[in-house]
Amino acid sequence: MSSDQPTPLWYDKGLNFSCVPGCRRCCGGSPGYVWVTDEEIAGIAQLMQLSLEAFERLYVRTINRGFEIRKSLKEQRNYDCILLDEKGCSVYAARPSQCRTYPFWPELLDTEADWESEKNRCPGLGNGELHPAPKLVEILNTQKYKK
Ligand code: SF4
Ligand code: SF4
């Protein structure tokens, strides 16, 4: 292959994924962060008909990672996302990019092994809708933050 050929993606035939109805596994169950930008906070606050101030006080925590300070949604005592209720995500229409883009995160598409390993966590991986490679690349390019 000549050196100016693009490196083939391991997922160049696309990837199957559909969220499993009733599953809520990626919304909690263990400690983690759901990163939110100020724009996303404003969108969720608007959906919940809360002021920014009230929303941030009730639902947002500030995380100092040493090299940067970021905002994450709070967790419930069982580590579920604070916005998860018995029916699922209570702000689904305005959920943060991190939630919208899962499972097409850079760290999960880095290698096929990463993707396969995530199947232990998410039963929707490898099943359902076929997402073509160009769409996956587009989704990857929209992600501002890496976990
Ligand atoms: S773990 Fe997978 S199947 Fe379950 S809610 Fe999350 S995306 Fe859907
Ligand atoms: S914002 Fe919604 S989709 Fe995202 S982790 Fe919380 S409950 Fe799940």
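The shell around ligand 1 is made up of 7 nonpolar, 1 polar and 2 charged residues. Here nonpolar means Ala, Val, Leu, Ile, Met, Phe, Trp, Tyr, Cys or Pro, charged means Asp, Glu, Lys or Arg, and polar means the others, Gly among them. The model is predicted, so local features need pLDDT of at least 70 and side-chain atom pairs count only at pLDDT 80 or more, while totals for chains, interfaces and linings use all residues. Residues are numbered from 1 along each chain as its sequence is written, and chains are lettered from A and ligands numbered from 1 in the order in which they are written.

The shell of ligand 1 consists of C19, V20, C23, R24, R25, C26, Y102, C122, P123 and G124, each with its C-beta atom, placed from the backbone, within 6 Å of the ligand. Around ligand 2 stand C27, V34, L73, C81, L83, L84, C89, V91, R95, P96 and C99. This second shell holds 10 nonpolar residues, no polar residues and 1 charged residue.

The chain as a whole contains 6 helices and 6 strands, which are DSSP runs numbered from the N terminus (helices: H or I, at least four residues; strands: E, at least two). Along the sequence they follow the pattern β-α-α-β-β-β-β-α-α-α-β-α. The C-alpha atoms fill a box of roughly 55 × 35 × 25 Å, taken along the principal axes. Of the 147 residues, 14% are buried, that is, 20 or more other C-beta atoms lie within 10 Å of their own; exposed residues have 12 or fewer. Among contacts (C-beta atoms within 7 Å) with a separation of 6 or more, 68% join residues 24 or more positions apart.

Consider next the helices α1 (residues 38-47) and α2 (residues 52-59), which pack at an angle of about 100° with their axes 9 Å apart; the axes are lines fitted to C-alpha atoms over the stretch in contact, and angles run from 0 to 180 degrees between N-to-C directions. The two helices are therefore roughly perpendicular, the term for angles of 65 to 115 degrees. In this contact I41, A42, I44 and A45 of α1 meet L52, F55 and E56 of α2. By class, the contact comprises 6 nonpolar residues, no polar residues and 1 charged residue.

Which residues of α1 are buried? They are E40, I44 and A45. These residues lie on the same side of α1, because they cover an arc of only 135° around the axis, taken from the directions from the helix axis to the C-beta atoms. They pack against α2 and α3 (97-101). The face of α1 turned away from its buried side carries the exposed residues D38 and E39. After α1 comes Q49, with a positive phi near 55°.

Technical notes
Two residues are in contact if their C-beta atoms, placed from the backbone, lie within 7 Å. Angles under 35 degrees count as roughly parallel, over 145 as roughly antiparallel, 65 to 115 as roughly perpendicular and the rest as oblique.
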